[in-house]
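My notes follow, in the order I took them.

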Amino acid sequence: KDIDECATGTHTCRADQVCVNLRGSFSCQCLPGYQKRGEQCVDIDECTLPPYCHHRCVNTPGSYYCQCNAGFQLASNNHTCVDINECDANNPCAQQCYNILGSFICQCNPGFELSSDRINCEDTDECRTSSYLCQYQCVNEPGKFSCVCPEGYQVVGGRTCQDINECETTNECREDEICWNYHGGFRCYPRNPCQEPYVLTSENRCVCPVSNAICRELPYSVVYKYMSIRSDRTVPSDIFQIQATTIYPNTINTFRIKSGNENGEFYLRQTSAVSAMLVLVKSLSGPREHIVDLEMLTVNSLNYRTSSVLRLTIIVGPYAF
């Protein structure tokens, strides 16, 4: 009858070996993960043998395990590595997250830009990036910007400033006044601008009656006109044309700036026998008001002289738009 040396303890196997009974003998075998080298059992380096790990193999006494690179995790077979969708698991991005193989990238909504940590988003100050976004003033807001205009203007197209015609909207002039809109505001002027001895003959035209002796030394007529220009207009620039309303035969007309040009901002260029052009030769900054008297002197062959004045009120707006 066979003696089971493994059961009786009469075997000579080492403590790190397993005794296997044989008929008439016994065998000493190594534990799983070990192999015999002479009489000793040494660890098997499974990392040098198939099946190989997908990414990294870590040998341990009697066994091994697989590891994955950052951004991956072990599949159920403990060998294969599968990508971790960081955007689904725990979205680390402040705004938009895009999963890529083994990692992720963050992006920001329009109007924001990634901060140095590549995770958070900071507001983009569009007003600082360009001075041409708005015609007047740019106001930065979280994720966007807006344009504002000064008083008397309204925003058009999101960025441009357009003059508000107060004479059509909030006319505050009296009944005996006319409203004149200019770039950035409005002004009220008397409907009857005539002063003694002049009398009003038609809208904005005053005549000095020849029957009045005082009128012999005064211009026969004074016509009141109003115009608006933007601030800092390019010079030289033609801004207003004066022309005779009645043409008499055998007469010579000459034109001059009678008053209102003490600083030399204007020049009157005669363009024909009956007309002249007022030229702006010095840039004007507003808001300000200029009153310029343009005189036409008429002389005939009998040395008869008469004159008429066009009193031009030039309103310079506060801005160049």
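This is a predicted model: local features need pLDDT of at least 70, side-chain atom pairs count only at pLDDT 80 or more; totals for chains, interfaces and linings use all residues.

**Domains and the contact of two of them**

I began with domain 1 and domain 2, and I found that about 320 Å² is buried between them, with carbon and sulfur atoms giving 43% of that area. On the domain 1 side, I noted that Tyr34, Asp43 and Ile44 lose the most area to domain 2, and together they make up 83% of what that side buries.

Then I looked up the contact itself: five residues of domain 1 touch six residues of domain 2. I also took the distance between the centres of domain 1 and domain 2 over C-alpha atoms, and it came out at 31 Å.

For the bounds, I went to the domain assignment of the chain. It gives domain 1 as 1-44, domain 2 as 47-83, domain 3 as 130-163 and domain 4 as 194-316.

**The largest pocket**

Which residues come closest to the centre of the largest pocket? I put the volume of this pocket down as about 620 Å³. It is lined by 27 residues, and Arg205, Ser221, Thr245, Met296 and Ser308 are the closest to its centre.

I then asked which strands take part in the lining. Strand 21 (221-229), strand 22 (237-243), strand 23 (251-259), strand 26 (288-300) and strand 27 (305-316) each bring at least two residues to it. Strand 27 gives the most, with five residues. Sorting the lining of the largest pocket by class, I got twelve nonpolar, 13 polar and two charged residues.

**The second largest pocket**

I repeated the search for the second largest pocket, which has a volume of about 320 Å³. Here 17 residues form the lining, and those closest to the centre are Cys215, Arg216, Leu218, Arg305 and Thr306.

Strand 26 and strand 27 turn up again, each with at least two residues in the lining of this second pocket. Strand 27 gives the most here too, with three residues. By class, I wrote down nine nonpolar, three polar and five charged residues for the lining of the second largest pocket.

I picked out strand 15 (residues 153-156) and strand 16 (residues 160-163), which run antiparallel and are joined by four bridges.

For peptide bonds, I listed the cis bond that joins Glu196 and Pro197, with omega of about 5°. Pro197 sits in the loop between strand 18 (185-190) and strand 19 (199-202). I also listed the bond from Val235 to Pro236, which is cis with omega near -5°. I found Pro236 in the loop between strand 21 and strand 22, and both of those strands are on my list for the lining of the largest pocket.

Note on methods:
Residues are numbered from 1 along each chain as its sequence is written. Side-chain values use heavy atoms; hydrogens and water are left out. On a 1 Å grid over the protein atoms alone, a cavity is a set of points where a 1.4 Å probe fits but cannot get out, and a pocket is an open set with protein on both sides within 12 Å along at least five of seven lines; lining residues have an atom within 4 Å of a point. Grid points are joined across faces, edges and corners, and a volume is the space filled by probe spheres set on the points. Ala, Val, Leu, Ile, Met, Phe, Trp, Tyr, Cys and Pro count as nonpolar, Asp, Glu, Lys and Arg as charged, and the others, Gly among them, as polar. Two strands pair if DSSP finds at least two bridges between them. Domain bounds come from an automatic or database domain assignment. Contact means heavy atoms within 4.5 Å. Buried area is the accessible area (1.4 Å probe) that two parts lose on being put together, summed over both.
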